[in-house]
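Hello,

Here is the structure I promised to pass on.

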Amino acid sequence: MNYDSIRSTSAKGTVRTLSQQEELPLLRDHLLRLDRTSRHDRFHGFIDDSFIRRYAERCANDGTVIIAYFEDGVVRGAAELHPPEQSPDVQPEIAFSVERSARRKGVGSTLFRKLIAEAHAKGYGSLRITTGAQNDAMRALATKFGAQLTFRHGESTGSIDLTEQQQPEPVPAVAAVTPVEAARAIVDMNRAYWRMVMQISGWGRAA
C-alpha cells in the first residue's frame with residue numbers, strides 16, 4: 001500500500017511506503033541518525049552502528065514493510081511492520097522511530113494510523129509492540145491506539161487487537177452524471193442567474 005503525497009497532520013513532510021530497493025539505505029541512514037537515547041529506546045539497549053546496519057539489511061530482505069516520514073527527501077521517521085513468521089509467537093510485530101527534529105509534530109500518530117491500515121490490508125488480526133520501559137512517548141502512543149501493555153525484564157510489551165480498530169473509510173465513489181442531467185443543471189443555473197440579475201435591476205417588480 002502506497003501513501004504518496006499524504007501529508008502528516010501537522011508536520012511539513014510526506015508519508016509513504018518504501019519500496020524494497022529503497023529500504024536498506026533510507027532506513028539504515030535514518031536509524032543511524034538517532035541520538036544515543038533514541039537508539040537505546042528503539043533497540044532496547046543496542047546502540048552500536050554495526051548492529052543497526054545489520055538490522056536494516058535484515059529488514060530489507062525479510063518482508064518487513066517500512067512506512068516512512070520524509071522531510072526534504074530525507075527519512076526522519078519510520079514505522080516497521082514485521083511479518084508474523086519472523087516472530088516466535090507468529091504475531092506481526094511493529095516498531096517506530098522518529099528523529100528528535102521531527103518530534104511533537106504528530107508524526108508518530110500519522111505513522112501509527114498508516115501502519116494499522118497496512119496491517120488491515122494484509123488481514124492481520126493483531127499486532128505486537130515492544131518498547132523500552134523508559135520510552136514514555138512510545139508507551140503513550142501505543143496506549144492511544146489500544147495497546148494493552150505489561151512491564152517485564154525492563155521492557156513494555158503488549159498487543160493491539162485490530163478487530164477493535166476502526167478500518168479506514170473508503171473514499172466515496174463519484175456518482176456518474178448523464179448528459180441529460182448535466183444539461184438540466186446548466187439550464188437551472190442560467191435561470192437562477194438571470195432571475196438574480198432581474199431582481200437587482202428592478203425588472204419584473206410589481207409597479
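**Packing around Leu81**

Leu81 touches Gly63, Thr64, Val65, Pro92, Glu93, Ile94, Leu115, Glu118, Ala119, Lys122, Tyr124 and Leu127, leaving aside residues up to four places away in sequence. Contact here is heavy atoms within 4.5 Å.

A word on the basis. This is a predicted model, where local features need pLDDT of at least 70, side-chain atom pairs count only at pLDDT 80 or more, and totals for chains, interfaces and linings use all residues. Numbering runs from 1 along each chain as its sequence is written, and side-chain values use heavy atoms, with hydrogens and water left out.

**Nonpolar cores**

Leu81 also belongs to the largest nonpolar core, which has 26 residues. Such a core is a set of buried Ala, Val, Leu, Ile, Met, Phe, Trp, Tyr and Cys residues joined through side-chain atoms within 4.5 Å. Buried means under 20% relative accessible area, exposed over 50%, and partly exposed in between (1.4 Å probe, protein chains only). Leu81, Ile94, Phe96, Leu111, Phe112, Leu115 and Leu127 touch the most other members. Two or more residues each come from β3 (65–71), β4 (74–82), β5, α4, β6 and α5 (136–144). Helices (H or I, at least four residues) and strands (E, at least two) are DSSP runs, numbered from the N terminus. The largest share, six residues, is from α4. Another core lies apart from this one; it has 13 residues, including Leu27, Ile52, Tyr55 and Ile66.

**Salt bridges**

How many salt bridges does the structure hold? There are 10. The criterion is a side-chain nitrogen of Lys or Arg within 4 Å of a carboxyl oxygen of Asp or Glu. Three of them are worth a look.

- Glu99 pairs with Arg33, with the closest N and O atoms 3.0 Å apart. The two are 66 residues apart: Glu99 is in the loop between β5 (93–98) and α4 (107–121), Arg33 in helix α1 (residues 20–33). Glu99 is buried at 6% relative accessibility; Arg33 is partly exposed at 36%. Arg33, Arg76 and Glu99 form a salt-bridge network.
- Asp49 pairs with Arg39 at 2.6 Å between the closest N and O atoms. Asp49 sits in helix α3 (residues 49–59) and Arg39 in helix α2 (residues 36–43), so the bridge ties together parts 10 residues apart in sequence. Asp49 is partly exposed at 34%, while Arg39 is buried at 11%.
- Arg128 meets Glu93 at 3.4 Å, N to O. Arg128 is in strand β6 (residues 126–132) and Glu93 in strand β5, so parts 35 residues apart in sequence are tied together. Arg128 is buried at 14%; Glu93 is partly exposed at 23%.

Best regards
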